[in-house]
Amino acid sequence: MNDLRVIKTHLAIQSALIELLDEKPFEKVQVQEIIEKALINRTTFYRYYSGKSDLVGKLIKEVKAQYQDLLKKRFESDNLLRFMQTIGNRLLEKRQLILALWQIKTPRHHLYDDMHTLLKNAFIAHAKRITSDDKNWADKNWDYQAHIFATIALESHKYYFEQGKLLPIPQVFEAWIEMVQVLKSVQAA
């Protein structure tokens, strides 16, 4: 797919889909509307996609693969803050697409849930790896912490993406710590 015309066509189709998802739910989007917004003909659309579900499926597959690759690199990184800024920049570049795809919840398409699961599993693997030598942590079930971490991390990205801003990692980590401190002080009161 190195042909510039093909790349432009795919980007036009993707942009049309994003615009339409800003206007209405996925179930109400019609292929004809995508074609009209992308300024392409029906034959061109169907050359690449069998329908709107196929289009969304391919976009989700691409985003998930990139996200999984970023997660793998993150949990292998020595510098968490620098890596989180890098991942944040990469995700910010695709924020409109990601936000649009996160809206789609069908039995076949559920990018937000898929990213949550990927993040949760990466956290669990990382936690087990770094605590494997410690007898106190060896048999720890990290499921709850991983679920909460994935939820907070994705919701933090969503919050900043919706504002068109990069997730400020040091400030976000500080905000998470403040949340726990507030909760602990409520418990103590």
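## Surface and overall form

Accessible areas here come from the Shrake-Rupley method with a 1.4 Å probe. On that basis, the accessible surface of the chain comes to about 11800 Å², and carbon and sulfur atoms hold 53% of that surface. The structure is a predicted model.

The chain has 189 residues, of which 40% are buried. Its C-alpha atoms fill a box of roughly 60 × 35 × 30 Å along the principal axes. The secondary structure consists of 9 helices and 0 strands, and the pattern along the sequence reads α-α-α-α-α-α-α-α-α.

## Two domains

The domain assignment divides the chain into domain 1, residues 1–49, and domain 2, residues 60–185. The C-alpha centres of domain 1 and domain 2 are 29 Å apart. Between them, 6 residues of domain 1 are in contact with 8 residues of domain 2.

## Annotated regions

An unreviewed entry places the feature "domain: HTH tetR-type" at residues 7–67. In the model, residues 7–67 are 79% helix and 0% strand, and the end C-alpha atoms of this span lie 21 Å apart.

The annotation "DNA-binding region", also from an unreviewed UniProt entry, covers residues 30–49. That span is 75% helix and 0% strand, with 13 Å between its end C-alpha atoms.

Thr 9 is found in helix α1, which runs over residues 4–23. Is Thr 9 buried or exposed? Thr 9 counts as buried because its relative accessibility is 15%, and the limit for buried is under 20%. Leaving aside residues up to four places away in sequence, Thr 9 touches Ile 40, Thr 44 and Tyr 48.

Leu 39 lies in the loop between α2 (31–38) and α3 (42–48). Its phi is positive, at about 60 degrees, although Leu 39 is not a glycine. With a relative accessible area of 76%, Leu 39 is exposed; the limit for exposed is over 50%.

## Aromatic rings

How many aromatic pairs does the structure hold? There are 10 aromatic pairs. The rings of Phe 45 and Tyr 49 have their centres 5.5 Å apart and their planes at 45 degrees. The pair is therefore tilted, as planes under 30 degrees apart would count as stacked and planes over 60 as edge-to-face. Phe 45 and Tyr 49 are both buried.

Another group of rings forms a cluster: ring pairs link Phe 123, Trp 142, Phe 149, Phe 173 and Trp 176.

## Lysines over rings

Which ring lies under the charged end of Lys 52? The charged end of Lys 52 sits over the ring of Phe 26, at 4.5 Å from the ring centre.

Lys 140 lies over the face of Trp 142, 5.5 Å from the centre of the ring. Trp 142 is also one of the residues in the ring cluster described above.

Technical notes: Residues numbered from 1 in each chain as written. Predicted model: local features only at pLDDT ≥ 70, side-chain atom pairs only at ≥ 80, totals over all residues. Heavy atoms only, no water. Helix = DSSP H or I, 4+ residues; strand = E, 2+ residues; numbered from the N terminus. Buried < 20%, exposed > 50% of the residue type's maximum accessible area, 1.4 Å probe, protein only. Phe/Tyr/Trp six-rings, centres within 6.5 Å; stacked < 30°, edge-to-face > 60°. Lys NZ or Arg CZ within 6 Å of the ring centre and 35° of its normal. Contact = heavy atoms within 4.5 Å. UniProt positions renumbered as here; feature names shortened; annotations may be inferred. Domains from an automatic or database assignment.
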